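Have the sequence and the 3D view open while reading.

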Protein chains: 2
Amino acid sequence: MALLVVGSVAFDDITTPQGRAPRVLGGSGTYFALAASFFTPVRLVAVVGDDFTAEDEAVLTDRGVDTRGLEHAFGKSFFWAGEYEADPNLRHTLKTELNVFENFDPKLPAEYHDSEVLFLGNIAPELQSQVRDQLGARAKLVGGDTMNYWITGRPDAVRHFLSRLHVLSINDSEAHLLTGESNLYRAARAILAQGPAAVIIKRGEHGVTLYSASQTFGVPAYPLEDVIDPTGAGDAFAGGVFGYLAQQNRWDDAALRRAVVYGSVMGSFTCERFGVERLRSLNEGEIAARYREFVALTRFDE
Amino acid sequence: MALLVVGSVAFDDITTPQGRAPRVLGGSGTYFALAASFFTPVRLVAVVGDDFTAEDEAVLTDRGVDTRGLEHAFGKSFFWAGEYEADPNLRHTLKTELNVFENFDPKLPAEYHDSEVLFLGNIAPELQSQVRDQLGARAKLVGGDTMNYWITGRPDAVRHFLSRLHVLSINDSEAHLLTGESNLYRAARAILAQGPAAVIIKRGEHGVTLYSASQTFGVPAYPLEDVIDPTGAGDAFAGGVFGYLAQQNRWDDAALRRAVVYGSVMGSFTCERFGVERLRSLNEGEIAARYREFVALTRFDE
C-alpha cells in the first residue's frame with residue numbers, strides 16, 4: 001500500500017562531538033521517505049530550491065521514492081545548521097533559513113490521490129490539515145508530527161489537526177508542552193482525548209512508548225556505543241513505523257507494536273553515520289537482524 | 001537463600017507535588033529490606049538512634065525482616081528532608097542530618113555469617129568493602145550501590161569496592177559521573193571493565209538497562225499515572241532484584257532479566273504512596289499481577 005509523506009527536504013550543516021557534516025541532504029521528509037522506502041512504495045510531497053541538484057534527487061529515487069510531488073521553486077532550499085552536545089538530546093540550532101519552504105503550499109499530484117496511508121511531517125499545522133483535506137476519506141490511516149514552534153505559536157491549528165489524526169508521533173518535550181502534563185502517561189491520555197487513536201512518544205536514548213485506548217507498549221532504545229549524528233532519527237523512526245504499517249495494510253495492536261520496533265530499528269541506524277548516509281547504505285538483511293536484536297534486548301521469561 | 005543487606009534506616013521528611021509526609025520511616029536499608037522480604041528471608045545491618053521506636057522496628061519485623069543486625073545507638077537516627085519537582089527525577093535535599101549514621105561501624109552478628117547473598121547499600125565505600133571482607137568467600141553474590149557523594153569524594157575507595165562486586169546497581173547520573181562517559185552504553189562497558197560482572201543502570205521514569213559481558217537487557221518503566229512519592233524507589237528496585245536472585249539461588253542471564261523486572265515491579269509500587277506505605281500494604285498476588293503487566297507492556301511478535 002502506497003504511503004504519502006509531506007515534509008521538508010533541506011540542507012543541513014551538522015556539528016556533533018564526533019565531527020561535522022557541512023551542507024548535507026536532510027529534512028524530515030527526506031529521512032522519513034528513505035526509511036519508509038525499505039517497507040513500502042513512498043510518495044513525497046515537499047519543496048526544494050534551485051540549489052537542489054539531480055544528484056540530490058537521485059538519493060531519493062535510488063531508493064524508489066516517487067518524487068513527482070517534489071516541487072522545484074525559485075530560490076534556495078530550506079537550510080538548517082545545528083550543533084549537538086555530548087548528550088545527543090541537547091541540540092542547539094545555529095541557523096534556520098526557511099527560504100522556499102516559507103511559502104510552501106503542498107499540492108498533491110493527481111497520481112497521489114489514491115494514497116491510503118498519509119504521514120504529515122512537521123510543517124505548519126494549517127498545511128497539515130489542508131493536505132489531509134485533499135485526500136479526504138481515501139486516507140485510511142493518517143499519521144503526523146508537530147513541534148514546539150507550532151504548539152506554542154498556533155495552538156488552535158494544532159488542536160484542529162490533532163482532531164483529524166489517527167496516530168501522532170512526537171517527542172517527550174513536545175508531549176509535555178502540548179498538554180501541560182509533566183507525567184508522560186497523563187500527557188499521552190490527554191493527547192488521546194484530543195482525537196488520535198494512538199500516540200507514540202519518542203524519548204531519544206530512553207526509547208519509545210506507544211499509548212492507545214487498548215494498550216501501552218514500551219521499547220528501550222537500541223544501545224548504540226557511538227551516536228555519530230542523531231539528526232533525522234525521529235523522522236526515520238516515523239518512516240519505519242508508517243512504512244511498516246502501510247506494508248502490512250493493518251494497524252491493530254500487534255501491528256502497531258511491531259511498527260514501533262521497526263521504527264526504533266530505523267532510528268538507531270540513522271544515528272550511526274552523518275546525515276542520511278547510513279539509510280543509503282542500509283539493506284533489508286541488516287534491518288531484519290536488528291529487529292531480532294530488539295527481540296533479544298527486551299525478552300524475559302513470563 | 002538468606003539475603004543480607006547493609007544500608008541506612010532513617011526518618012525522612014518528604015515533600016512532593018502530591019503532598020507532604022513529615023518524619024516517616026525511610027532509608028535505603030528499609031526500602032531494600034521491605035521489598036526483598038517478598039522474595040526471600042532478609043537480614044538487615046544498620047544503625048538507628050533512640051528516637052527509633054518498637055513501632056518503627058515492627059514495620060520491618062512484620063514483614064519477617066531479621067533485625068538482629070540493627071544497632072541501637074545513643075543519639076538521633078539519620079534524618080533527611082527533601083522536595084521533589086513535578087519531574088520526579090528532580091529532587092532537592094533540604095536537610096541531611098547524619099546523626100548516629102555518622103559513626104556507623106557495621107558489624108555482622110554471628111548468626112549472619114552464613115549469608116550467601118549480600119547487598120551493600122549506599123554507605124561509605126570503605127564500610128562497604130569492610131562488610132564484604134567480614135563475609136569473605138561465603139558471599140556467593142555481592143551487589144552494591146553508591147552515590148555521587150562517594151564517587152566524587154572517595155574515588156579510590158569506590159574503585160576498590162567495585163573491583164570486588166558482582167553486580168552494581170546505580171542510576172544514570174552516577175554511571176556518567178563514575179566513568180566520565182556521556183553515552184550510557186560506553187559508561188556501562190567502562191564499569192564492567194572495573195570488576196562487576198553486571199551493572200544495572202536505573203533511569204527513573206525511563207526504565208532500567210542491564211549490561212553484562214554476555215547480554216544487554218532493557219525494560220521500560222511501568223507507566224504510573226500518579227507518582228505520589230519516588231523516595232526509595234531505587235532501593236526497593238534493588239531489593240526486588242536481589243530478593244528474587246536470592247530466592248532463585250541462581251544468577252544466570254535469564255534469572256538476571258527476570259530479577260530486573262521484579263525490581264521494576266517493586267520500584268513502581270513504592271512510588272504509589274508516601275514512604276514505605278505501599279510496600280507495607282502490598283501482597284504477593286499484586287506483585288505477580290504487575291509482573292504480568294510488564295510482560296504485556298513489552299511483548300511484540302518476533
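## A residue in a loop

In this predicted model, A:Glu102 sits in the loop that runs between β7 (91-97) and β8 (117-120) of chain A. Is A:Glu102 buried or exposed? A:Glu102 has 10 other C-beta atoms within 10 Å, and a residue with 12 or fewer counts as exposed, so A:Glu102 is exposed.

A:Glu102 can also be placed relative to A:Phe78. The two are 24 residues apart in sequence, and their C-alpha atoms are 8.3 Å apart in space.

## Two helices of chain A

Two packed helices are described by the angle between their axes and the distance between the axes. For α9(A) and α11(A), the angle is about 115° and the axes are 9 Å apart. Because angles of 65 to 115 degrees count as roughly perpendicular, α9(A) is roughly perpendicular to α11(A). Their crossing is right-handed.

On the α9(A) side, the contact is made by A:Val261, A:Tyr262, A:Ser264, A:Val265 and A:Ser268. On the α11(A) side, A:Ile287, A:Arg290, A:Tyr291 and A:Phe294 take part. By class, the residues of this contact are 6 nonpolar, 2 polar and 1 charged.

## Where chain A meets chain B

How many residues of chain A are in contact with chain B? There are 30, and they touch 30 residues of chain B. On the chain A side, α7 (184-192), β13 (216-219), α9 (253-270) and α11 (284-298) each supply at least two residues. The most come from α9(A), which gives 4 residues.

The side of chain A that touches chain B consists of 13 nonpolar, 8 polar and 9 charged residues.

Definitions and conventions. Residues are numbered from 1 along each chain as its sequence is written. Chains are lettered from A and ligands numbered from 1 in the order in which they are written. This is a predicted model: local features need pLDDT of at least 70, side-chain atom pairs count only at pLDDT 80 or more; totals for chains, interfaces and linings use all residues. Two residues are in contact if their C-beta atoms, placed from the backbone, lie within 7 Å. Ala, Val, Leu, Ile, Met, Phe, Trp, Tyr, Cys and Pro count as nonpolar, Asp, Glu, Lys and Arg as charged, and the others, Gly among them, as polar. Axes are lines fitted to C-alpha atoms, for helices over the stretch in contact, and angles run from 0 to 180 degrees between N-to-C directions. Angles under 35 degrees count as roughly parallel, over 145 as roughly antiparallel, 65 to 115 as roughly perpendicular and the rest as oblique. A crossing is left-handed if the near helix is turned anticlockwise from the far one by less than a right angle, and right-handed if clockwise. A residue is buried if 20 or more other C-beta atoms lie within 10 Å of its own, exposed if 12 or fewer, and partly exposed in between; C-beta atoms are placed from the backbone.
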